[in-house]
Amino acid sequence: MSSTGRLRSAFAPVRQNPSSGRNSASLSWPYALLRLVCAFLAVLSLSATAASAETRSLSQGWLFQAGESTGAERSRFDDSGWRKVVVPHDWSIMDKPDGSPPFDPKATAGQDSGYLPGGIGWYRRHLNLTAEEAAKVVRLNFEAVYMDADIWLNGERVAEHHYGYTAFTVDLTGKLKAGDNVIAVRAHHADPSSRWYAGSGIIRPVTLDLLDCLYIRPESIFVTTPVATEASGTLAIRASAANCGGRAETVELVSRVVASNGDVVAEATERRNVVGKGSADWAQSLTVPRPALWSPDSPNLYTLVQQLQVGGVVTDERRTRFGIRTIIVDAANGLRVNGKPVKLRGGNFHHDNYMLGAAGFPDADARKVALMKAAGYNAIRSSHNPASQATLDAADALGMLVIDEAFDAWNKSKRDQDYARFFKADRAQDIDSMVVSGRNHPSVLFWSIGNEIPEDGTPEGVESGRWLAARVRLLDSTRPVTQAVNADPPKSSNQFDILDVAGYNYHAHDFEKEHAKFPDRILYTSESVTKDAFSYWRYVEKFPWVIGDFVWTAVDYIGESGIGWMGYSQDWQKLGPYPWHLAYSGEIDVTGRKRPAAYYRQILWKTGIDPVVAFVRQPKGTEDLPDRFLYPITPPHLDWSHPDVHPSWTWRGQEGKPLEVLVYSELPEVELLLNGKSLGRKRAGLDTEYAAAFNVPYAPGRLTAVGYRDGREAARWELRTAGVPAAAKLSVDRQRLTANGTDIAYVTVELVDADGTPVYAQADDRRMTVRVTGAAVLAGIGNGDPRDASSFQSGSRSSFHGRAVAAIRAGTQAGPVTIEVAVDGLPLQRLRFDTVSR
């Protein structure tokens, strides 16, 4: 993996403010770490030896047209009327030509896609090159195009790629000319293609490599660390160089390991003869004395700087970021990182970025990882497709372990137009892409070859799984192979036989029976439901052979509409009707706000982030959202819904009526007070599932939960009654953007009353309009309301529970940025920050 993919963001703190008036866990420390990593990489880039190789971002300059465009692949095609867009780009969340929102109750994929369309879209980009540049080795790199993509250069079809989530490279060497070249991309998102929202178009970054005739093959670089102790780290490095010329060349590969302070801590030089039109391989071993090891608690990183030299002249340089660490897992001792036990506090998430759709801007992908880290998670499962490079980069920097997953379907389809159409023909290139793209990331823990595959446990499923596992091990033998299985025994056991680690979806009740039959089997819950968090985690605490739990889901997403509210109908055919478009199952909502389930989970894990919290159950006879019991259900039936509780002590019309208050605490004793008067103390521990319930006659004021250890107060949490909205409070997660056209800042708008108490009651929500001027643009706005099918791009939204969030994208010119927020009936608010030159 080339280290051209890197974290470019310098985030500032983000705070999550429940309706209590107190700040919950700040995100400042994960974002500060990202900022330090960014600075380290900037220093490295300044000290780089000049080389003739160059990697250019192709984020800017794209033109887009929705629908079929006959002849659009031709160089001279008239694209003057096409829309200018920035890549990554998702056309499915674009407003319709008449300015109306993109949602459609008649969308083919319906509830699966959140009532958003697929279709056909065309992209064109003009690429102006000098004669010298056109004569180089040129590689066009797409990180992902959803889906079924065809690529043309100057009217010649040069590539096709079906899968919408894997990276691919198009070799343009010898096909370019001096002057204007035209790249054309046609993506065909045929619906229904997915069980969740997939997005459409060039959804991840595009780059162009301009290389010397003698260059390091980026995909050949592989760094492993077979020994990682406090005393010594051993690196095994593989790489190969290619020679496009007609004669043999003697070349040197110089490999240096650079620490975070810029010191070179290990170095090796080896010479090879590279034949004309051929390649040569290197296998180097380096030792780093007293290394700073990578782990979830201490994510220390190094950079491997490799230079290819001919007669002392550097022809190529590659930078690969990596960590020194070892992974061992067995049934007797569980999972160990660098010899120390680790329990996987995991969460699933899909790839979309809500108001940005599936557009994988690096800052947006990194933000989700940082939100999870700040909430106490230490592991991610990239369900159900390979993670973006930005996600893996952020996981490396923050210390998040990743189960990188390949497919949601193999031979048998789940939706008519899904990946099963291409699996047999494309499985090799797509599994290779995932592994090669991810194997230098220390955060990648396991390779997952599939999720809930219909043929699991059958001869066809076992054989396909065996083939995929063998292919993965050929490319990377250092990481275990896993799979998420939802079949019942004995089919599940048959599938587990071909895996190193067994992922079980919603089958914790089978763990002990599986262990009795297969005592060496290592298990984890690859998907679990929020409502059963306690029981799932108890298996992890009690049994070393159960190494973790991954909730569905950590971060909310578009599609599978309403699965976290009304859930599936009894026959598993129906989810939320239009305008439901969010799953509403995330423990962190789509705007980044922690929901009550996230607070309970961090207490269950004893993270110490918020040792005691309190929430109020929705009063009987009222509803926060409609359709809670839309479908009559007869158990057993999986239930992804969250408890209907809220961080609010504002309940107009409930005066004097009893409200149920749930206090979650990792402290052994809790006390609840209303306006300073004690309502009693209760135990909160393992026997109470770390919860205590109080019935409290509602009266406005302050509701305070106090946690005690050894009879002394150790933590408190307060909810305050809010008055009517008096102002909009603005905050931004960073003070500077880089003028690269892709950096993202998130501006949070919160309604507060005259005393500064956050407003939560939906009756007090207000319409707000966000306007951006200066050196940035509005990329999207959202509020987290699973039923608000408004435009993401108009700049106008109502708040939801007193909050909305806008994504602001940097332009390509440095300068000041001004955000103006107009809220109905409230004073205009302004916020300013800067974009700076690269």
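## Helix H6

Helix H6 covers residues 459-475, 17 residues in total. At 1.5 Å a residue it should span 24 Å, and its end C-alpha atoms lie 25 Å apart, which agrees. The model is predicted.

Which residues of H6 are buried? They are Gly461, Val462, Ser464, Gly465, Leu468, Ala469, Val472 and Leu475. Around the axis they cover an arc of only 165°, so they sit on the same side of H6. An α-helix has 3.6 residues a turn, so residues three or four places apart point the same way. Pro459 and Leu474 are exposed on the other side of H6.

The cover over the buried residues of H6 includes two helices, H5 (423-438) and H7 (491-496). Strands also contribute, among them S12 (222-228), S13 (232-243), S25 (444-451) and S26 (481-485).

## The disulfide

The count comes to one disulfide. Cys213 is joined to Cys244, with an S to S distance of 1.9 Å. That is within the 2.5 Å cut-off for a pair of cysteine sulfur atoms. The torsion about the S-S bond is about -135°, so this disulfide is left-handed.

Where do the two cysteines lie? Cys213 is in the loop between strand S10 (206-211) and strand S11 (214-216). Cys244 is in the loop between S13 and strand S14 (249-258). The pair therefore ties together parts that are 31 residues apart in sequence. Cys213 has a relative accessible area of 26%, so it is partly exposed. Cys244 is partly exposed too, with a relative accessible area of 30%.

## Arg124

Is Arg124 buried or exposed? Its relative accessible area is 0%, so Arg124 is buried. The residue is found in strand S4 (residues 119-129).

The side chain of Arg124 meets backbone oxygens. One of its polar atoms lies 2.8 Å from the backbone oxygen of Arg74. The side chain of Arg124 also reaches the backbone oxygen of Phe77, at 3.3 Å.

## Asp639

Asp639 lies in the loop between strand S30 (612-617) and strand S31 (645-646). Its relative accessibility is 30%, so Asp639 counts as partly exposed.

Which residues does Asp639 touch, leaving aside those up to four places away in sequence? They are Val529 and Lys531. With Lys531 there is a side-chain polar contact of 2.8 Å. A polar contact of 2.7 Å joins the side chains of Asp639 and Ser641. Pro101 is 538 residues from Asp639 in sequence, and their C-alpha atoms are 31 Å apart in space.

How values were computed. Residues are numbered from 1 along each chain as its sequence is written. This is a predicted model: local features need pLDDT of at least 70, side-chain atom pairs count only at pLDDT 80 or more; totals for chains, interfaces and linings use all residues. Side-chain values use heavy atoms; hydrogens and water are left out. Helices (H or I, at least four residues) and strands (E, at least two) are DSSP runs, numbered from the N terminus. Buried means under 20% relative accessible area, exposed over 50%, partly exposed in between (1.4 Å probe, protein chains only). A polar contact is a pair of N or O atoms within 3.5 Å; within protein, one must be able to donate a hydrogen and the other to accept it, and residues adjacent in sequence count only if both atoms are side-chain atoms. Contact means heavy atoms within 4.5 Å. The expected span of a helix is 1.5 Å times one less than its number of residues. The arc is that of the directions from the helix axis to the C-beta atoms.
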